[in-house]
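Colleague: I have a model on screen and want to learn how to read it. Where do we start?

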Amino acid sequence: MLSVRFWGVRGSIPCPGKDTVIYGGNTACLEIRADERLLIIDLGTGIRPLGDWLKDNDLKKYGKIKADIFVTHTHWDHILGFPMFTPVYIPGTELRITGPVSFENESLESIIEAQLSYRYWPVRADELASCIEYRQIKETTVDLGGGLAVTGKYVNHPVLCMGYRFDYQGKSITAVIDHEPFYNLFNLKPDDPGYDKNAVREGEIAAAEENEKIDNFIKGTDILIHDAQYTEEEYTRHIGWGHASFDHAIETKNRCSAKKLVFFHHDPIHTDSQLEQLENIYSQSGKLTDIIMAKEGLILKA
């Protein structure tokens, strides 16, 4: 069985409070299970309650905690929960943390573990009790054994960011987080001094090709977890920020024949009442059970 549980669903910054009780205020963290195999997407603040749950359940059941963690990118809302992840302080814990290859000087390991320095945190990385292995990948499919495979695909975000698709026993879960549609960077008006007809045409072709690659990556997935930080009106003011609209997520679901769509990476300013209203609007007053809003504690089976 392939399933996903949502531990953190917000983007940009944690936002606890009376207006985020229903959907949750923790930043990105997903728990995926392929039968008893544990996989985690992102190290946002949602990983703190997940870690406590693993200590009380997996540790007692299996004698140790073992997980593959897939980091989409290293913006702070996706890694800042790492120092509060209880399993890293438990001897015997085995973690393999995978993320996209960076073209900067710092490695994935150095970026994540930089949070564990005395100026930020009282415990240093070399004092952790767990065994942690880091791996950086480009676009590829990795066989994780036992019929489980993960495919990484670069998505459109200001920093190098990767979407992940997990395939297991004929079922799939795909996470396209921190992504907006590719657009023509050279689409200037003819009266603009920088207008170049050939550049406009080439830019349109390039954007279409990249969007088609994303569609092929998603195509036919059972559960699509898609960035939907903005309404369409909000998105027009945030083009280039690396986040999509509800409308784009729905269009992608339909175009790619995804069976279920989950809106993810909620804007921190969207309250419970606003998200509930938006969920009703985009699922046609609750009639479409295949379009839902991510909520902390939600469990879905592929």
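Modeller: With pairing: two strands pair if DSSP finds at least two bridges between them. Strands (E, at least two residues) and helices (H or I, at least four) are DSSP runs, numbered from the N terminus. This is a predicted model: local features need pLDDT of at least 70, side-chain atom pairs count only at pLDDT 80 or more, and totals for chains, interfaces and linings use all residues. Residues are numbered from 1 along each chain as its sequence is written, and side-chain values use heavy atoms, without hydrogens and water.

Colleague: In which sense do β11 and β12 pair?

Modeller: Strands of a sheet pair through backbone hydrogen bonds, either parallel or antiparallel. Here β11 (residues 223-227) and β12 (residues 260-264) are parallel, over five bridges. D227 has F264 in β12 as its bridge partner.

Colleague: What is the strand order of the open sheet?

Modeller: Seven strands run β7-β8-β9-β10-β11-β12-β13, with mixed pairing. β7 (140-145) and β13 (291-293) are the edges; each has a single partner strand, so one side of each lacks a neighbour in the sheet.

Colleague: Which strands does helix α6 lie across?

Modeller: Contact means heavy atoms within 4.5 Å. Angles run from 0 to 180 degrees between N-to-C directions, with axes fitted to C-alpha atoms, for helices over the stretch in contact. Helix α6 (residues 246-256) lies across β11, β12 and β13, at about 160 degrees to β12. Helix α7 (residues 272-282) also packs on the sheet, touching β12 and β13, and makes about 175 degrees with β13.
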